[in-house]
Amino acid sequence: MNRIKSILFIGLPILVLALCVVGFLFAPNDPNHVDLSSKFIRPCGEYPFGTDHLGRCILSRILYGGKTTIGIVLVGSAIVVFIGTTLGLLLGQSRQGQNIFIESVLNAVTALPPIAYLIIFIGAWGNGVSTMLTALTISLIMRLIKLVKTETEIELRKAYILCAVTSGSKRLHLLFVHVLPNIIRDIIHFVCLSCTDMVMAIVGFSFIGLGLGDNIIDWGIMVSEARGITVLRPDIILYPVCFIFLSTLSFNLIAREIERMGGFHA
């Protein structure tokens, strides 16, 4: 029974996120097609969620917005996991003198909140998908390096590592075959929670006009546009808000289930 429950708590959120990413393939209309004669149409067969103030299909824009928002999050997460895990493992077995210097640098860099990186990069490079992706990944990579480095140092002091060393295991074999499997759940837990932060950062900056640039559809810009027409169609703002809630809830449910399984040590 517990196994089935675990599969549901992880499988269903993954399914929701997958639908957010590939849902644009099933979009019923062109999300950017403007037809002022069709504005504010109520939900119907052709427009399941109706149309907005420019006559654009809301459902199509929601699905394309999911591809943009969740797509950036997943690509950024993959980069963070690969670089952060690799560097964290390698730095975790450094010598004591190097360790103090590295720890100081990591503490200084991670002291800045992710939003500060976004402000700096957007100010330097302007709006855009690449700017958003770079700012978010750099911030989270540093935090993951610090986490993996700390976990690696703890694991390297354990008896099974000493046994592996006496058996002749090489350094890289030790890190990636013995240490990594024992900290992988902590890494996944961290990344899942970070994905929630990434979604909110993307949505928040798009909402205030510092998002992904012109002609890029994401849920944040949809909320911003719907805010000005809530008197005429109050339901329009609910659609992107619901998808933002479902995506962040999905990431949190996965993280919570991993924590319940014993993957995270507080």
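A salt bridge is taken here as a side-chain nitrogen of Lys or Arg lying within 4 Å of a carboxyl oxygen of Asp or Glu. The structure is a predicted model, in which local features need pLDDT of at least 70 and side-chain atom pairs count only at pLDDT 80 or more, whereas totals for chains, interfaces and linings use all residues. Residues are numbered from 1 along each chain as its sequence is written, and side-chain values use heavy atoms, with hydrogens and water left out.

By this criterion the structure contains seven salt bridges. One of them pairs Glu 155 with Lys 158, whose closest N and O atoms are 3.0 Å apart. With relative accessible areas classed as buried under 20%, exposed over 50% and partly exposed in between (1.4 Å probe, protein chains only), Glu 155 is buried at 5%, while Lys 158 is partly exposed at 36%.

Salt bridges with shared partners also join Asp 52, Arg 56, Arg 61 and Glu 225 into one network. As to accessibility, Arg 56 is buried, with a relative accessible area of 8%, and Arg 61 is buried at 4%, whereas Glu 225 counts as partly exposed at 27%.

Helix H2 also packs against helix H7 (residues 171–207), at an angle of about 145° and with the axes 8 Å apart, where axes are lines fitted to C-alpha atoms over the stretch in contact and angles run from 0 to 180 degrees between N-to-C directions. The crossing is right-handed, the near helix being turned clockwise from the far one by less than a right angle. Contact is defined by heavy atoms within 4.5 Å, and the residues meeting across this pair include Ile 70, Val 73, Gly 76 and Leu 89 in H2 and Leu 172, Phe 176, Cys 195 and Met 198 in H7. The contact comprises 18 nonpolar, five polar and no charged residues, with Ala, Val, Leu, Ile, Met, Phe, Trp, Tyr, Cys and Pro counted as nonpolar, Asp, Glu, Lys and Arg as charged, and the others, Gly among them, as polar.

How values were computed. Helices (H or I, at least four residues) and strands (E, at least two) are DSSP runs, numbered from the N terminus.
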